[in-house]
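Dear colleague,

Please find the structure below, handed over for your study. My notes on it follow.

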Amino acid sequence: MPSRQALFWHPRPYDLPASDALFLRAAADNCAYHIAHCPGYAAICRRLDFDPKSLRSTEDLARIPALPTLLFKREALFSMPERRMAMRVTSSGTSGTFSRIGFDWGSLLAEVPMVLRLGARHRLISGVPAHCVVLGYQPHRDNHAGVTRTMYGLTFFSPPLSRTYALQRRGTSYIPDLDGAAHALERLAASPFPTRVIGFPSYLWFGLQQLEALGRTVRLRPGSRIILAGGWKEHGAQEVAKSALYAAAERVLGVPPDHIHELFGAVEHPVFYNACPNHRFHVPIYSRVLIRDPETLAPLPMGEVGLINLISPLMTATPTLSVMTDDLGYLEPGDACGCGIPSPALTIVGRVGMSDIRTCAAGAAELLGKGEMG
Amino acid sequence: MIFAHGSLLPDSRLPGLLAGLEGELNAALAGPPLPAETVLAALDALGRRLAAGEFDALLRRFLPAGELARLGEVLPLFTRDVLEEKLRAELGPERFSPRERRQTTARFLPLGVLLHVAAGNQPGLGLFSVAEGLLTGNVNLLKLPREDKGLSLAALSLLTEAAPELAGFVYAFDLPSSRTAELKALAGLADGIAVWGGDGAVETFRHLAPPGCRLMEWGHRLSFAYLSGPPAAQELDALAAHIAATGQRLCSSCQVIFLDTGDFSAARAFAEAFLPRLERAVLARRAGPWESARAALSGYTAFLERVTAGREPGEAFFRGRGCSVTARPDRELELSPMEGNVLVKPLPRSELLPVLRRQKGRLQTAGLLCAEEEREALTALLARAGVTRITRAGRLSDPFPGEGHDGEYPLRRYLRVVDVEN
């Protein structure tokens with residue numbers, strides 16, 4: 001799909017106005033593709049009376065049917081047979097239900113310029129070899145979690161000398177080995193090469209607290225970086241103020257705040273969001289964000305808190321053009337941030353927690369095959 | 001955290017505790033029996049203090065926003081009046097007294113050790129289940145649900161603080177279901193297991209329970225409202241308030257509003273007219289954007305699911321602010337999308353029994369809205385169809401003193417009869 005590649009190879013990753021025409025074109029093509037190849041998606045567009053030909057301005061993006069992430073957990077929605085997909089991954093679904101998302105080869109091709117451009121812009125890419133300590137899962141061919149692949153991918157942002165994983169595969173499950181990771185950090189502090197710590201923020205926070213309590217602080221080599229991915233959701237209850245986490249990273253590992261990178265993304269919307277120096281996620285050109293009223297799902301004006309609706313024409317294997325997350329958040333004008341990135345900034349307030357609802361009534365229906373006999 | 005010997009212990013003490021547990025349980029069983037009066041007094045005192053709001057500040061730390069009110073729904077159960085009524089209703093006026101038979105005397109003894117597996121959808125459920133076990137004199141092991149962030153532990157601490165003689169009869173474990181080795185060890189020590197919750201939990205504990213262990217399955221149920229004739233406005237408002245208050249998350253919550261008619265257009269008209277009532281009830285309760293978002297996403301996702309499955313044509317989806325009403329032409333009792341997203345279906349009384357029989361073993365409460373002169377006939381019909389509770393509009397989830405549980409009297413199941421030849 002040439003319109004998609006045109007958007008993803010565009011040279012200015014935060015110039016939304018300059019990319020609007022390309023984005024609309026790619027979104028219309030993407031929507032038409034899914035309508036032609038995914039009967040479930042076509043039925044939704046028909047029922048909501050949406051025709052991709054009617055996409056003329058950015059205001060029209062709100063009319064693209066927004067599919068809740070919950071729908072991808074319940075229904076297998078694909079726009080191509082599995083044999084033609086590059087890979088299939090799952091969301092990190094902490095409560096037992098997963099989204100199943102297929103990636104086409106074209107989406108992987110389109111991600112290359114996006115990741116390179118944003119990685120360079122945010123100084124993630126370096127030619128200096130580095131050791132990697134991953135506070136996340138050790139890759140395995142049975143682990144289809146998007147976040148596992150993302151963290152593995154992040155180890156290539158500088159030539160990787162070694163990789164240590166805090167969650168190690170043993171047989172068919174994972175066991176946490178924070179102690180092993182701590183030993184690795186102590187050893188790597190003496191290495192002539194910098195270290196990159198890649199992981200879940202909650203693991204980092206937990207690890208830093210443990211190390212500090214035991215008096216095991218280290219000074220990683222200058223140029224070392226911390227890359228945070230995957231969100232807080234695995235241990236949401238322990239969410240801490242970012243400032244506390246950043247201060248602890250400097251105290252315990254010697255990594256200053258400007259060497260800490262935060263990333264955001266979702267399996268259903270694998271756009272490479274990077275936090276700016278002021279810790280805000282500005283919307284890159286590959287994505288558009290709408291905030292919707294939690295009661296009516298109608299689009300809200302800038303600044304108001306609502307459900308986050310992510311739009312990107314990246315994927316053709318799965319109809320994720322417009323995805324309604326179960327996160328609440330708000331948008332702020334880019335120039336209010338002061339970091340120099342002009343596009344609006346997205347702040348995530350938290351998760352609605354759909355999958356946490358476990359009810360006796362719901363269980364009854366499970367047995368009955370979704371509660372429908374007729 | 002673990003609760004044992006009347007105090008809270010860190011999880012690291014679990015292996016040691018488990019190693020010595022059999023001996024402790026045997027000592028409790030060999031010791032003096034637990035008088036029901038002690039338990040009654042302790043539960044009544046705890047219930048009073050909870051109801052007076054004495055611990056609200058403490059409980060707020062353990063309960064998500066809005067759940068404190070839902071805890072209030074089970075608190076009326078922890079009063080002497082209600083508990084005594086429960087003992088009378090379930091065990092008869094003689095309660096635990098021996099019954100003289102022709103050649104024997106029947107004595108009523110505790111089953112022994114009960115393992116309670118609590119579900120997370122109603123705060124206070126674990127405490128309630130343990131209370132039933134204590135009333136019947138059993139030693140109780142409670143497996144906390146994942147959602148219980150400390151409420152049960154706090155309540156058990158308060159209970160045994162006030163009545164130290166209960167301390168040897170209550171243990172609680174914050175064990176996830178994946179810890180099968182530990183759970184198996186607990187199940188192996190139990191004479192009976194009371195499992196609340198989903199089929200997954202029931203299956204797990206059927207598997208873990210040794211043969212001969214009595215399994216009490218308080219599994220999932222479906223409830224509904226049945227409307228015959230023109231309903232009074234305040235009854236409809238009460239039903240709407242019930243739907244909003246429970247979030248349709250309880251076994252007793254209304255999932256479907258059935259109308260005594262075969263005419264789908266009547267169901268559609270009712271759905272449209274009911275929406276503003278539901279909307280008022282929902283908006284009056286909503287604590288913030290989280291609940292609204294959950295409601296809107298549940299309703300919207302369910303709608304899209306029907307569309308992708310090609311089942312939506314012929315249905316009528318009415319979306320309100322933070323709620324929805326969907327009229328469906330089929331007659332089945334099924335789970336709604338919940339969170340204030342209710343279903344409406346036609347079900348003429350002539351078809352009621354065969355339709356509900358298809359869900360036998362899953363039926364619980366029917367909220368009946370009808371003319372008084374029809375009430376007895378429809379009640380009898382619902383009861384014959386397998387419903388185990390029949391209430392007025394909007395009272396589906398209200399606890400009633402002395403009522404059974406899913407068609408049974410649980411206290412009877414927590415006891416055993418010992419026949420002694422005279």
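A:Arg123 sits in the loop of chain A between α5 (105-121) and β4 (130-137); helices (H or I, at least four residues) and strands (E, at least two) are DSSP runs, numbered from the N terminus. The phi of A:Arg123 is near 60°, a positive value in a residue other than glycine. Most residues other than glycine have a negative phi. A:Arg123 counts as partly exposed because it has 13 C-beta neighbours inside 10 Å. A residue is buried if 20 or more other C-beta atoms, placed from the backbone, lie within 10 Å of its own, exposed if 12 or fewer, and partly exposed in between.

This is a predicted model, in which local features need pLDDT of at least 70, side-chain atom pairs count only at pLDDT 80 or more, and totals for chains, interfaces and linings use all residues. Residues are numbered from 1 along each chain as its sequence is written, while chains are lettered from A and ligands numbered from 1 in the order in which they are written.

In chain B, B:Gln248 also has a positive phi, of about 60°, although it is not a glycine. B:Gln248 lies in the loop between α10 (233-246) and β11 (254-259) of chain B, and it counts as buried because it has 27 C-beta neighbours inside 10 Å.

Chain B contains 15 helices and 17 strands. Buried residues make up 48% of its 422 residues. An automatic or database domain assignment gives chain B domain 1 (2-219 + 406-421) and domain 2 (222-391). The C-alpha centres of these two domains of chain B are 33 Å apart.

Yours sincerely
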